[in-house]
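Q: I would like to learn how to read a structure feature by feature. Please show me the general idea each time, then the case at hand.

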Amino acid sequence: MIKKYISDLKNEFRGYNGKALSQDLMAGLTVAAVALPLALAFGVSSGADAASGLITAITAGIVIGILSGASYQISGPTGAMAAILLTVSAKYGITGVLTAGFLSGAVLVIAALCRVGKLVSYLPAPVITGFTSGIAIIIALGQIDNFFGTKSVGDNQIAKIGSYFSGAGSFVPNWWAVMFGVLVVVIMIVYPKKWNGGSVLAGGNNRGAGHQHDILRAGNSRRGRCYP
């Protein structure tokens, strides 16, 4: 297997030149511009903090880049686990998040060794669409507190929303938080799509503004950090 890996590396870099390097650098910057805000957001939405998401994304990117062998393989922060890890974090803390992440990785390695990835082609498109849409809804509901500056309690999103009405939580909007949240959304919508970095610009603007006001910031939350 090691010989094949070395052979694949030689084939990959055969004829590599300065032009290819410049193209790879531009591609890397483009991916980084997309992955940076995702890593920060998924770190928070998983129950940890933004720094944990950023460090995990960087470490995973390096490891995958060294070990992967597919030219068209896509790797990066994903929201699929965030919906699960948020519930795990609320019940078991950061230790539970680390354990769940480790077990998920082990399952993926075993699935790869058994070559069961081809079974995905048998999943109906509506199932995949429903799955990804459900994750998007869960992540969006999990950001209500961050967007409005409110406080909720509960082990899942339904319970947290219910806490607004039961009195366990508190839905009193922080209008500074709302203003910055709306500003981020506007920047991401208006910013020209052909220019990379709209998400980074919006996130940087929001974080910079947060330093001027007493608002809970993603990178300075009172959650434990979970490193890879």
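A: Start with the order of elements. Along the sequence, the protein reads α-α-α-α-α-α-α-α-α. Helices (H or I, at least four residues) and strands (E, at least two) are DSSP runs, numbered from the N terminus. The protein has nine helices and zero strands.

Q: What kind of model is this, and how are its residues numbered?
A: This is a predicted model, in which local features need pLDDT of at least 70, side-chain atom pairs count only at pLDDT 80 or more, and totals for chains, interfaces and linings use all residues. Residues are numbered from 1 along each chain as its sequence is written, and side-chain values use heavy atoms, with hydrogens and water left out.

Q: How do I read pLDDT, and what does the protein average?
A: pLDDT is the predictor's confidence in each residue, from 0 to 100. The protein averages 75, and 79% of the residues score at least 70. Among the elements, helix H6 (residues 144–148) has the highest mean pLDDT, 85. Helix H9 (residues 198–210) has the lowest, 51.

Q: Over which residues does pLDDT stay under 50?
A: Where pLDDT is low, the predicted coordinates should not be read in detail. Here that applies to residues 207–228, where pLDDT stays under 50. The model still has 43 contacts for them beyond four places in sequence. A contact means heavy atoms within 4.5 Å.

Q: How many residues are buried, as a percentage?
A: Buried means under 20% relative accessible area, exposed over 50%, partly exposed in between (1.4 Å probe, protein chains only). Of the 228 residues in the protein, 21% are buried. For accessible area, the method is Shrake-Rupley with a 1.4 Å probe; for residues, only the protein chains shown count as cover. The protein exposes about 15700 Å², and carbon and sulfur atoms supply 69% of it.

Q: What do contacts say about distance along the sequence?
A: Take contacts between residues at least 6 apart in sequence. In the protein, 57% of these join residues at least 24 apart. For one C-alpha distance, look at Lys91 and Asp155: they are 64 residues apart along the chain, yet their C-alpha atoms are separated by 6.4 Å. Lys91 sits in helix H4 and is exposed, at 56% relative accessible area.

Q: Where does H2 bend?
A: The bend at a residue is the angle between axes fitted to the seven residues ending there and the seven starting there. H2 bends by about 30 degrees at Ala35. A proline, Pro37, follows within four residues. Buried residues of H2 include Ala33, Ala39 and Phe42.

Q: What does H4 span?
A: H4 spans only 25 Å between its end C-alpha atoms, whereas a straight helix of 32 residues would span 46 Å. H4 has a kink of about 135 degrees, centred on Tyr92. Among its buried residues are Leu85, Leu86, Val88 and Val97. The cover over the buried residues of H4 includes H2, H5 and helix H7 (157–166).

Q: How many aromatic pairs does the structure hold?
A: A pair of aromatic rings is described by the distance of the centres and the angle of the planes. Rings of Phe, Tyr and Trp (its six-membered ring) pair if their centres lie within 6.5 Å; planes under 30 degrees apart count as stacked, over 60 as edge-to-face and the rest as tilted. The structure holds four such pairs. In one of them, Tyr164 and Phe171, the centres are 5.0 Å apart and the planes at 70 degrees, so the pair is edge-to-face. Tyr164 counts as buried, at 16% relative accessibility. Phe171 counts as partly exposed, at 39%.

Q: Which residues do ring pairs link into a cluster?
A: Phe147, Phe148, Tyr164 and Phe171.

How values were computed: The expected span of a helix is 1.5 Å times one less than its number of residues.
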